Amino acid sequence: LRAAKSRTKTDDPEKEKLKAKAKEIQSQEAERIRHEEANKTALEAIGNIKKRKLGDIDSKVTPSVSLRSRAKRVHARDLIFLMEQEKYLKHSNILFKGYCS
């Protein structure tokens with residue numbers, strides 16, 4: 001029975017060749033992806049990488065450096081003006097508090 005099982009596994013050498021080729025292609029692809037990610041990480045570490053686009057970030061790979069948005073300074077009167085123009089903020093308590101301060 002053991003001999004019969006071992007013969008059925010090695011009966012099709014073409015199938016074995018295809019499996020070996022598929023494994024080789026998978027390992028090459030995994031190595032290529034690992035190499036690209038290592039390059040990106042190295043560029044981020046030295047600061048020579050352009051800002052990534054939102055669609056460029058892969059779902060399975062998280063960036064090692066968090067991308068921060070830049071702080072924008074505004075005056076209170078500008079903020080009050082914008083709140084007066086907004087439909088939902090026109091009658092809000094925060095706008096009233098802005099007038100009082």
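I began with the confidence score: pLDDT is the predictor's confidence in each residue, from 0 to 100. This is a predicted model, so I kept local features to pLDDT of at least 70 and side-chain atom pairs to 80 or more, while totals for chains, interfaces and linings use all residues. I number residues from 1 along each chain as its sequence is written, and side-chain values use heavy atoms, with hydrogens and water left out.

**Confidence and fold**

I found a mean pLDDT of 77 for the protein chain, with 69% of residues at 70 or more. Confidence is lowest in helix α1 (residues 2–9), at a mean of 59, and highest in helix α2 (residues 13–46), at 89. I counted four helices and zero strands, taken as DSSP runs numbered from the N terminus (helices H or I, at least four residues; strands E, at least two).

**Surface**

I looked up burial next: 8% of the 101 residues count as buried (under 20% relative accessible area; exposed is over 50%, partly exposed in between; 1.4 Å probe, protein chains only). The accessible surface comes to about 10,200 Å², and 56% of that belongs to carbon and sulfur atoms (Shrake-Rupley method, 1.4 Å probe; for residues, only the protein chains shown count as cover).

**Around helix α4**

I was pleased to settle two residues here. Ile-94 sits in helix α4 (residues 93–100) and counts as exposed because its relative accessibility is 57%. Ser-92 lies in the loop between α3 (76–85) and α4, and it counts as buried because its relative accessibility is 17%. I also noted that the Ser-92 side chain reaches the backbone oxygen of Leu-89 at 3.0 Å.

Methods. Polar contact = N/O pair within 3.5 Å; in protein donor to acceptor, adjacent residues only side chain to side chain.
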